[in-house]
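Thanks for coming. I will go through the contacts in this model, starting inside one chain and then moving to the pair of chains.

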Amino acid sequence: MIRPGRFGPLYGILLFFILWQVAAAFVGTPLLFPEPMDVMRGLAYMTETGELFEHLGATLQRLLVPLAVGMPLGAVLGCAMGASRDVNAWFDPYMRMANSTPAIALIPFALLWFGVTELARYSLVFYVGVYVVALNARGGVAQVPRLRIKAANTLGVLGASAFFRVVVPSSFPAILAGVRTATGLCIMVVVAAEMLGAASGLGYLIIRGRQNYDPTLIFIGIFGLGILSILFDRGIAFAIERFMPRWSVRRRV
Amino acid sequence: MPGHGIRRTAVVATLSILTGLAVWAVASGTLVSEVQLPHPHAVWQEAVAKAESGLLWESIRISLWRVGWGWAIGVVAGIATGLLLGELRGVDAVVGPIFEFLKGVAPISLVPIMILWFGIGELPKLLIIAYITWVVVTVSTMTGVREVPKVRLRAARCLGLSQLQVFYRIILPSTASYVLLGMRNGIGFAYIALVSAEFIAVDKGIGFLIMDSRLNLQTPLMVVGIISLGLLGSGSQLLYDAITLQTPWLSRFRRQ
């Protein structure tokens, strides 16, 4: 029986670094497996030169800009699909296709269409943001309790008004869950796109590390990626708990 | 609403697909060049040609072999890790952040380091697929063990079950639905990892087909590859659903 209490995550981070150190010591050469200190030193150096923020900023921008446009659009589309059988039937085949094809497979297509440009990466993230949030929003609308709508009807809130005042708010937790899923997937897509053609970003750092035979740089990229994902996921969860507690997803996952 | 509704849905969906195909056919060669958007007919011809030459089946066979074994290894390792870590109460709070971190590390970012460590054979590809499946299944299994109703555990103790009996009769059945869900999510992630590995560490497979056709500007083949991948992905999930829902002793765990 271990009782880590509220410091559990701290022990976890400590354990993580200890395991890493042991593994690196076991391999024995930074040319194959750099130690945590090597990576930290590299990170410190890149922070000093400002290079780190440049690449981190590039990746963040590629995530946030298209998601900010795509996710609201996805929410609207999903709610429309949940509201109308015809709209749902129209878009459902495409949603199924999108959901069963890994978005990473579309990277060559995006590069073919837009060249190695920001637009290629934006379009991919936008696409993932739209369909993931739309699927979740549709599911959310479908799960709104009938009783709630009936109660609204009894109280004189009918039709479109009931939809916007009862159904949409009720499906908000599902939409926010979709936002989390979408960001997680989009991080994967952005990094893949950066690795297959870009001159900045965390994915580019990994590829540069590979080309220069610099495992420390590869590890900086991987480490930064893991941290970025955690910050994003925690950040969204925290923002929901803090600013939108009534739509918390905590008990629903 | 019932009978009429379903027929109407089918009609609208068919109309939608036909419209999509029509827009595709018209746009190709007029609005967009055929290199960027090949004509549906050209894609079909390419699919038939590559199916006859055997290249398509060979690529599918290799990709399925990789994703199947990688997924299976990841599932076994994930269930074992999840049960072990979940059973040690309190440990999940410690290892939770580690797995959160691992889940955030995109499989594709590991490809270069895996090649560095294990060369360019089948092993690094299998490991990358197994890795992400392992993380997904472990997290899901751990959640399952944590969510076992306390009442059941107390009841079992009152009735005098031994530690081993509690594990077999209470924890395993209560966790099964989470494990099955994690395995299903793992399929999607396994395919992401498959494409990632085949895009960079290339020699054969559907992902290689897509990447290679991009370099040679054989766009019809690229579309064939992407569509095959979509069909394989959804086919795998349908197969998984069919197996788990039709097997009596498994289907009762898939109600949630």
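Between domain 1 and domain 2 of chain B there are three residue pairs in polar contact, both residues at pLDDT 80 or more; a polar contact is a pair of N or O atoms within 3.5 Å, where within protein one must be able to donate a hydrogen and the other to accept it, and residues adjacent in sequence count only if both atoms are side-chain atoms. This is a predicted model, in which local features need pLDDT of at least 70, side-chain atom pairs count only at pLDDT 80 or more, and totals for chains, interfaces and linings use all residues. Residues are numbered from 1 along each chain as its sequence is written, chains are lettered from A and ligands numbered from 1 in the order written, and side-chain values use heavy atoms, leaving out hydrogens and water.

The domains of chain B are 1–35 and 38–251, with bounds from an automatic or database domain assignment. Their C-alpha centres lie 32 Å apart. Six residues of domain 1 of chain B are in contact with seven of domain 2, contact being heavy atoms within 4.5 Å.

Now the two chains. In chain A, 50 residues are in contact with 58 residues of chain B. Salt bridges across this interface number two, each a side-chain nitrogen of Lys or Arg within 4 Å of a carboxyl oxygen of Asp or Glu. One joins Arg234(A) to Glu100(B), with the closest N and O atoms 2.7 Å apart. Eight residue pairs, both at pLDDT 80 or more, are in polar contact between chain A and chain B.
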